[in-house]
Amino acid sequence: MASVAEINESATNLKFRELLKEVQLDYSPENTSIVDSVVSAIRDAVDSNSDGLPVTKDIAPRFVRDVGADKVDFKFRKPKSVEIGGSYSFQCAARPDVNVDLFLRLPKECFHEKDYLNYRYHAKRFLYLCIIKKHLKSSPLIKGVEWSAFHNEARKPVLVVYPAVQLSNNIAFTVKIIPTAPSIFAFSKLSFERNNIRSQNQATPKYNNSILEDMFIEENTEFVKRTFKGCKELGEALILLKVWARKSSLYVHDCLSGFMITVITAYLVTKSGKNRISSEMNAMQILRITLDFIANSKVWDSGIFFQPESERNVSNKERKTQLQSFPVMICDPCGNYNAAFRMSPSGFQELRDVAAVALSCMDKCEYEGFDEIFMTSFDYPAKYDYCIRLNLKDNHDFHVSGYCLDDECWRSYEQRVLCVIDEALRGRTKLVRVIWRNASDCNFENGLSMLDGEPLFVGITIGSVEEAFKQAVLGPSPEEKDKAVEFRNFWGDKATLRWFRDGKIAEVAVWEHEAWEKHLILKEICEHVLMRHLSLPKQNIITIVDQLDFVLRLGNKDPVSHAGSLMKAYDDLSKHLRLLDDIPLRISSVQPLDSAFRLTSVFPPVPHPLANKESARIKLEKHTATCVQPLEVMIQARKLEGSGNWPMDELAMEKTKTAFLLRIAESLHSKFGITCTATEDDVDIFVSGYAFRLKILHERGLSLVKKLGGQTKHVLSADKKLFLHGQHSSMIDGFRGRYPIYGPIVRLAKRWVSAHLLSNSLPEEAIELLVAHLFLKPLPFRPPCSRITGFLRFLRLLSDYDWSFSPLIVDINGDLTPDDGREINESFMSNRKQYEGNMHNAKPAMFLAASYDKESEAWTNQSPTAAELKRVAAYATSSANFLTNVVMKNQLDAYGWERLFRTPLNNYNAVVLLHRDKLPHPNRLLFPSEVNLGKQVIRGNASKAFQPFILPEEMKKNLGELKNKLMVGFDPQKYLISEIEATVFCAMMQREFPDTFKVWCDSLGGDAIGLTCGNNCSKKHDRDDIDEDKDLFDTLKAVGEFGKGFVKSIHLLKTPKVSS
């Protein structure tokens, strides 16, 4: 019998084989003949040009002007050759973006010996392609021709040909026409230390490398082709590396390209790279070695140099010059130029970081990190903690010195922005990336002035939330005059001199915020320095930080700001309870249960002026609520004085507990003057503006059993539920202390779940565990350090996780052993076998295991069902895609962000609308609901018996009367839903209409309730549709009757149809 390790290895190999099948291009004779026919058509179109045709700058005057070229006229000559190159030529092209590089060798006769000066080469190169482009459109095999920039370099456009034919299985491909220029100029004229732009007073290494790249691209491709020829595993590893780079969003002009990753892999095969890769290795071993080299090798410090195949040898002096000219050095295999001349320090740092994370995935995750590395979308909104867009359209400052100098003005501006933000956020960030993808697809014949249309993107990765949210930037002492002047010049009016308690005097820049607003500090810092140093107007700086804060606020303030007063009130209560000595129940511990205590409640209660001691002074505000939200607190009772035997019947035990609670309430009132209220089931204690609902946990109740359907089964008794709540609450509270940003992310997640009427499907404890998973198992990311990034990852977890075939294990404190993991997986597999062939009825559909709940009994045992989970995943997918889009696109209107929390009401069979002014907390309503579809069943007036706020005329009443108006835990929506479920379900079952019925609601203050009815395999196939409408119509009218005064209207949108 195979071991677990052997089974996992086999499954891993199978996954990689399947992935390679998916991404490898089929080089069948059919496909190669299609590509060859398109290439042949391009050759014919190119050959149709006549030699001797005069070419002047008038063909593309704006481009010539913008690059600053002179002396660009020449007579056209046909290219020396048109040959396939790139990864397609050695069968390493990767789907889905299949591109065939076509090298078009420029004739030497079109250039003068000094055309390497002043952008003459670049201008002529472009004019030559303009002539080619005109004739390409005439071929029937060519659907279209567009311009694109070679690695986002605007001064080097290339032609992208879209064939009118496709490869087998309808796979589209493009042909990229790339000019090459072997032997056109003397190599010595383009050495790194030379200045070839006469308007410059310094060396132009990037400009020189831009030309050298075209001169040696054919030779380098031949070297790579020889290296990869005949080695299947090496080619497979290269394809896997390309998939990884694409998924990791590393294909950026200043980071990585397909050619560069190919050269790095080829280097490791050669003697120059110490033959780290051998022919005996498989693709996975080669992948790991390459990633390890990228992430950890010290060779990068001295640069990558191939042992020359040609006569030319790179001297030590040249190597030193090259290393001084560029942050990263990958000397091409021919030893002539730096293949990494575009790579920036931040781009290189990100490449190494992402490679290191991929290695961690391979070491720590299942199946060698296959899902994390190759299946997880690693795009910017999920990757970076903070995203900034700079709208630079019509901003002429960045090209005031010209579009193209040694580097292009866009790349220079990227560095300016990076330097400013890097300096401002020093010590707060792990990585800052500035990326301006502005030259990928545009018509370069119109010049370069239109390349400011796309916003510049800034991605910020936080190192530590504690450091990032510091309110002060500490500068030098005034005695260090030069540094103090530099500090003030950088920070401007934010710089002040401050005297500290220890006697130290120093320059500081301060951003003062309350604890719940500290996430705004980075935004304000970035806006300040960008406006100061780059003269950008504030409206052109879009920082993605607080756009979703509106869903957590009441008015202009986040209610979590009252957390301090809540914890003080709880401490007071706890102290009072422990001081009680006249009760028969010995209180051994007091534990908070409500999510407000662990700062994960969307709307933690604010202090209520009437929920106080009798002697407290009270000041009523204009809108004083009549409803108070209770906060559950668990009292653990282990020792009893003179209590006798506790009953073993659950109902009797709960009644006994209530009697003890009443005695506690009487004692609190007599000893400390604390106001208490009691109902049949609950006892509430008013302390410092809060209502605490006491619950007693007795250990005997943890193992209660009762008969269900004649069988004795273990059920979750009241004590067992309390125990699970206690375990969960203490774990989450400790976890939140480790990750301060966890609380706001959970609150956003809960708000989203409720806003889409999913409150009954996904309990808040389950949401807390799901968000905790993002921190405990973040790979391939790092733990989120911002609200919006964490929220997006939560949505993607709901959307992408394979709930049918995998349990989600959340080990908050690292308590679970490997044996526990196997036990959970075995329990899950056993559960799924029960529903084999009937997975839509599987329970729990979301198997959520924790150290205190290995069988997923606590939170998701009954809901969400498979159907509900499908709806949750669909909504999460839609919201995640929308959020990704809104982060990256230049959308400024608030409505765009609101759409994340606006749920469509046309996805229900019927909708019940409630009177907004009769909700217990009307100020929590996000958006008023409107229904303009379907048939209105009833419309009712609002009741006058209930008011959510104390009326002005009532405020003159005495304190006792006002306190009597308080309703603790009053939730009319909850009671209405119970009645709907009972009434509608019974009515439907009598007529055998649906076999599923579901009520969808927003428990956080929504004014709409959705109703859906599933289909049953009924025998009554001849039932008339009109009768169905009438039956459901009558049932909904009954709902309106018992909801009278609270229900505003009921709308029948679509009738569930009977299916066979």
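Mentor: Gladly, and keep in mind that this model is predicted. Let us begin with a pair of helices: Leu234, Leu238, Leu241 and Lys242 in helix 6 meet Gly258, Ile261, Thr262, Thr265 and Val269 in helix 7.

Trainee: How many nonpolar residues are in the contact of helix 6 with helix 7?

Mentor: Sorting that contact by class gives one charged residue and three polar ones. The nonpolar residues in the contact of helix 6 with helix 7 number five.

Trainee: How far apart are the axes of helix 6 and helix 7?

Mentor: A packed pair of helices is described by an angle and a distance, both taken between the axes. Helix 6 covers residues 232-247 and helix 7 covers residues 258-269, and they pack at about 140 degrees. Roughly antiparallel needs an angle over 145 degrees, so helix 6 and helix 7 count as oblique to each other. Their crossing is right-handed, and their axes are 10 Å apart.

Trainee: Which word describes how helix 21 lies relative to helix 23?

Mentor: Helix 21 (residues 742-755) packs against helix 23 (residues 787-800) at an angle of about 50 degrees, and the axes are 9 Å apart. Angles under 35 degrees count as roughly parallel, and 65 to 115 as roughly perpendicular. That makes helix 21, relative to helix 23, oblique.

Trainee: Where is proline 864, and what is omega for the cis bond between serine 863 and proline 864?

Mentor: Proline 864 is placed in the loop between strand 24 (848-850) and helix 25. For the cis peptide bond that joins serine 863 to proline 864, omega is about 5 degrees.

Trainee: Is serine 856 buried or exposed?

Mentor: Serine 856 is also in the loop between strand 24 and helix 25. Serine 856 is not a glycine, yet its phi is positive, at about 55 degrees. Its relative accessible area is 0%, and buried means under 20%, so serine 856 is buried.

Trainee: And asparagine 170, is that residue buried or exposed?

Mentor: Asparagine 170 lies in the loop between strand 6 and strand 7 (173-180). Its phi is positive too, at about 60 degrees, although asparagine 170 is not a glycine. With a relative accessibility of 64%, against a cut-off of over 50%, asparagine 170 counts as exposed.

Trainee: Which residues does proline 163 touch, leaving out those up to four places away in sequence?

Mentor: Proline 163 belongs to strand 6 (residues 153-163), and its 6% relative accessibility makes it buried. Its C-alpha atom is separated by 9.6 Å from that of valine 39, 124 residues away along the chain. The residues that proline 163 touches are Val38, Leu141, Ile142, Lys143, Phe173 and Thr174.

Trainee: Which residues is serine 346 in contact with, apart from its neighbours within four places in sequence?

Mentor: Serine 346 is part of helix 11 (residues 345-364). At 8% relative accessibility, serine 346 counts as buried. Its contacts are Asp254, Leu418, Leu431, Val432 and Arg433.

Trainee: Stepping back to the chain, what percentage of its residues is buried?

Mentor: The chain has 29 helices and 30 strands, and its C-alpha atoms fill a box of roughly 105 × 85 × 60 Å along the principal axes. Among contacts with a separation of 6 or more, 74% are between residues 24 or more positions apart. Of the 1060 residues in the chain, the buried share is 55%.

How values were computed. Residues are numbered from 1 along each chain as its sequence is written. This is a predicted model: local features need pLDDT of at least 70, side-chain atom pairs count only at pLDDT 80 or more; totals for chains, interfaces and linings use all residues. Side-chain values use heavy atoms; hydrogens and water are left out. Helices (H or I, at least four residues) and strands (E, at least two) are DSSP runs, numbered from the N terminus. Buried means under 20% relative accessible area, exposed over 50%, partly exposed in between (1.4 Å probe, protein chains only). Contact means heavy atoms within 4.5 Å. Axes are lines fitted to C-alpha atoms, for helices over the stretch in contact, and angles run from 0 to 180 degrees between N-to-C directions. A crossing is left-handed if the near helix is turned anticlockwise from the far one by less than a right angle, and right-handed if clockwise. Ala, Val, Leu, Ile, Met, Phe, Trp, Tyr, Cys and Pro count as nonpolar, Asp, Glu, Lys and Arg as charged, and the others, Gly among them, as polar.
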